[in-house]
Amino acid sequence: MEVIPIALDGYLAAEAEPGPREHTALWRLTCSARTDHLIDEAVIPCTTMDPELAHALLTERQPGDLLRVSGHLTLPDTADGTIRLHAEALEVLWEAPLLDADNDDTGTTTTAEADADADRNNAIAALAEALTGLGQAGPGPGPSIRLHISPTGVLGAGLEHCHSFNLTPERAHQLADHVDALNCSLNSEHPDDGIALGPETIADLIELFDGIDLLDLTNAVLKTTRPERRSAVINAMDDMFGDSPAPEDTDP
């Protein structure tokens, strides 16, 4: 058998089980990152003979936890054999949230909840596709940034909606800039309804706008406008304030 040193990131697909020997454990790792030997979303059987690792997997870890497992990957000699990762180290990258016990007991899901789950999963798929395109060039040999997205409150059955991405710092800065621009746009389109202007402020604004002389304003704007652009500026001011004086009606 060929033995390959490897470290894999993946989600615990189901609860770990005791191995055939004392102080051993067996579990399955759903890998979400591409490696030289595996494709995306491969399920890898894992085992460990380390008592501390076995105890942690059997008593502390739960399905949905994102783990980094280091050890040796054993490839079978025959096509019908089974690969297995013999773990020597374990790092918890992200802990899955616990499910609500009350919801588990009922065993029922309303239509509204099913629709909400479908909308959420579609949104995750769209975001995953976008992030995959953003990181297609690969992070390269330098330092990179890893992003994890997944549904909240999901354990083993929702692992197909969990994704991991590696981005370069440059790509991460670009993503942050686009998110900032999106937030600014959303804030401008949906101002906070809880903010109310005081009567004094409203009175000051009314007095300010009542004191604006549109003729003076038009003259000031047109004096600083190139002649070939005056018609377009007048049309724009008409849209804002109503009919503005024509150039011949204003002071030179």
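Modeller: Buried means under 20% relative accessible area, exposed means over 50%, and partly exposed is what lies between (1.4 Å probe, protein chains only). This is a predicted model, where local features need pLDDT of at least 70 and side-chain atom pairs pLDDT 80 or more, while totals for chains, interfaces and linings use all residues. Residues are numbered from 1 along each chain as its sequence is written, and side-chain values use heavy atoms, without hydrogens and water.

Colleague: Why is D210 called exposed?

Modeller: Its relative accessibility is 61%. The class starts over 50%. So D210 counts as exposed. The residue sits in helix α5, residues 199–210. Helices here are DSSP runs of H or I with at least four residues, strands are runs of E with at least two, and both are numbered from the N terminus.

Colleague: What makes up the nonpolar patch on the surface?

Modeller: L205, L208, F209, I212 and L214. Together they have about 460 Å² of accessible area, from the Shrake-Rupley method with a 1.4 Å probe, where for residues only the protein chains shown count as cover. Helix α5 gives the largest share, three residues. F209 is found in α5. At 56%, F209 is therefore exposed.

Colleague: How many salt bridges are there, and by what rule?

Modeller: Five. The rule asks for a side-chain nitrogen of Lys or Arg within 4 Å of a carboxyl oxygen of Asp or Glu.

Colleague: What makes R61 and E95 a salt bridge?

Modeller: Their closest N and O atoms are 3.3 Å apart. That is within the 4 Å limit. R61 lies in the loop between α1 (51–59) and β5 (66–75), and E95 in the loop between β6 (84–94) and α2 (101–106), so the pair ties together parts that are 34 residues apart in sequence.

Colleague: Buried or exposed: where do the two partners, R61 and E95, fall?

Modeller: R61 has 14% relative accessibility, so R61 counts as buried. E95 has 52%, so E95 counts as exposed.

Colleague: What else does R61 pair with?

Modeller: E60, with the closest N and O atoms 3.9 Å apart. E60, R61, D65 and E95 are linked in a network of salt bridges.

Colleague: How do you know that E91 and R68 form a salt bridge?

Modeller: The closest N and O atoms are 4.0 Å apart. The pair links distant parts of the chain, E91 in strand β6 and R68 in strand β5, 23 residues apart. E91 is at 42% relative accessibility, so E91 counts as partly exposed. R68 is at 30%, so R68 is partly exposed too.

Colleague: Why is T225 called buried?

Modeller: Its relative accessible area is 13%, so T225 is buried. T225 lies in the loop between α6 (214–223) and α7 (230–241). Leaving out residues up to four places away in sequence, T225 touches R230 and V233. Contact means heavy atoms within 4.5 Å.

Colleague: What does H86 contact?

Modeller: T47, S70, G71, H72 and T74, leaving aside neighbours within four places in sequence. H86 is in strand β6. With a relative accessible area of 36%, H86 is therefore partly exposed. H86 and T74 are twelve residues apart in sequence and 7.6 Å apart in space, C-alpha to C-alpha.

Colleague: What is the phi of H23?

Modeller: About 65°, positive, although H23 is not a glycine. Most residues other than glycine have a negative phi. H23 is in the loop between β2 (17–18) and β3 (25–31).

Colleague: What describes the chain as a whole?

Modeller: The chain has seven helices and eight strands. Of its 252 residues, 26% count as buried. Its accessible surface comes to about 16700 Å², and 54% of that belongs to carbon and sulfur atoms.

Note on methods:
Patches are made of residues with over 30% relative accessible area and no salt bridge: like charges are joined within 9 Å, nonpolar side chains (Val, Leu, Ile, Met, Phe, Trp, Tyr) within 5 Å.
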